[in-house]
Each structure stands twice: as C-alpha cells, then as structure tokens.
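Me: I would like to learn how to read a predicted protein model, one feature at a time. Can we start with charged side chains?

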Amino acid sequence: MKSPASSIPPLPLRQSSTAALLAWTVAALACVLAWDMSGQDMPIARWFGNSQGFALQNDWFLVNIAHEGARKIAWIVAMGLSLMIWWPRGWMRKLPYARRIQLVVGALLSLVVMAVMKRISATSCPWDIAD
C-alpha cells in the first residue's frame, strides 16, 4: 500500500537568476556590516562574559569540538572536495567538471572570507572579552 506522502508530486525547483542571488548576497552583507558598525555586539557579548573573560573559555567541548574541531573538519571537507575535482565519487560524478570546480572554489572562498572577516571585524566575541 502506498503512503499518502508518496502520492504528492515533488515541488519543481526554481532556477534563481544571477541578479536575484546577487541582490540577496548584497542585502545579507549590508545586514552584517550594519551589525558590525552598530556597536550592539558588546552588550550582547557581556551576556556571556565579563571583565574576567568568557566563563566557558576552557570548556573541553567548546575548545576542542566547536572551535578547533569544526575548523579542521571544514578544511578536511574542502580538501576532499578539491580531490573530487579530478577523482569524483558518489554524487560528484554527476556534476560536470566546471561545476565541480565552482563548488570547490565556493567552499574555499567561504572559508577564506570567514577567516578574513573574523580578523578585521570590530564585532566582539565573548571569548575575547577583557574590558
């Protein structure tokens, strides 16, 4: 017997235009920049830390898993995707060569952009509070 969910046709995927994607990206960037310049980060950061620093700064999970582990996993995934440009596996085999390059460049660019933004941002991280 078929389940009721299997009789529902899937929704068609809509192709987004480059202009629409660019508009959403610019809007998101404007929101991030507005937040960065607003100065509202310190009051919120103080919810999690004080002049002695972030209360959970030495917490094993936050240090080893959430910060260091997540960063290492992101770079491992990026390296794996990079290798799959030339030796595709699984779903990557269905992508044309140019799309595989685009996927890897996008992933690497996002890692670099996040590292640069963290370095140049004036937004306060509770981890670094020491006022």
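Me: How many salt bridges does the count come to?

Reply: Side chains of opposite charge can pair when their charged atoms come close. A salt bridge here is a side-chain nitrogen of Lys or Arg within 4 Å of a carboxyl oxygen of Asp or Glu. By this rule the count is 1 salt bridge. The model is predicted, so local features need pLDDT of at least 70 and side-chain atom pairs count only at pLDDT 80 or more, while totals for chains, interfaces and linings use all residues. Residues are numbered from 1 along each chain as its sequence is written, and side-chain values use heavy atoms, with hydrogens and water left out.

Me: Which side chains meet in the salt bridge, and where do they lie?

Reply: An α-helix has 3.6 residues a turn, so residues three or four places apart point the same way. In this case arginine 71 and glutamate 68 form the salt bridge, at 2.6 Å from N to O. Both lie in helix H3 (residues 60-86), 3 residues apart, about one turn of the helix. Helices (H or I, at least four residues) and strands (E, at least two) are DSSP runs, numbered from the N terminus.

Me: Is arginine 71 buried or exposed, or something in between?

Reply: Buried means under 20% relative accessible area, exposed over 50%, and partly exposed in between, with a 1.4 Å probe and protein chains only. Arginine 71 has a relative accessible area of 44%, so arginine 71 is partly exposed. Glutamate 68 also counts as partly exposed, because its relative accessibility is 33%.

Me: Which backbone oxygen does the side chain of arginine 100 reach?

Reply: A polar contact is a pair of N or O atoms within 3.5 Å; within protein, one must be able to donate a hydrogen and the other to accept it, and residues adjacent in sequence count only if both atoms are side-chain atoms. The side chain of arginine 100 reaches the backbone oxygen of isoleucine 85 at 3.1 Å. The backbone oxygen of methionine 84 is 3.5 Å from a polar atom of the arginine 100 side chain.

Me: What else does arginine 100 touch?

Reply: Contact means heavy atoms within 4.5 Å. Not counting residues up to four places away in sequence, arginine 100 touches Met84, Ile85, Pro88, Met92, Arg93 and Leu95. Isoleucine 85, leaving aside neighbours within four places in sequence, is in contact with Tyr97, Arg100, Ile101 and Val104.

Me: Which residues make up the largest nonpolar core?

Reply: A nonpolar core is a set of buried Ala, Val, Leu, Ile, Met, Phe, Trp, Tyr and Cys residues joined through side-chain atoms within 4.5 Å. The largest one has 5 residues in all: Leu81, Ile85, Met92, Val104 and Ala107. H3 and helix H4 (97-120) each supply at least two residues of this core. In H4, Arg100, Val104 and Ala107 are buried, and the buried residues of H4 pack against H3.

Me: Is serine 82 buried or exposed?

Reply: Serine 82, in helix H3, counts as buried because its relative accessibility is 13%. Serine 82 touches Val104 and Leu108, not counting residues up to four places away in sequence.

Me: How many helices and strands does the chain have?

Reply: The chain has 4 helices and 2 strands. Along the sequence the pattern reads α-α-β-β-α-α. Of the 131 residues in the chain, 14% are buried.
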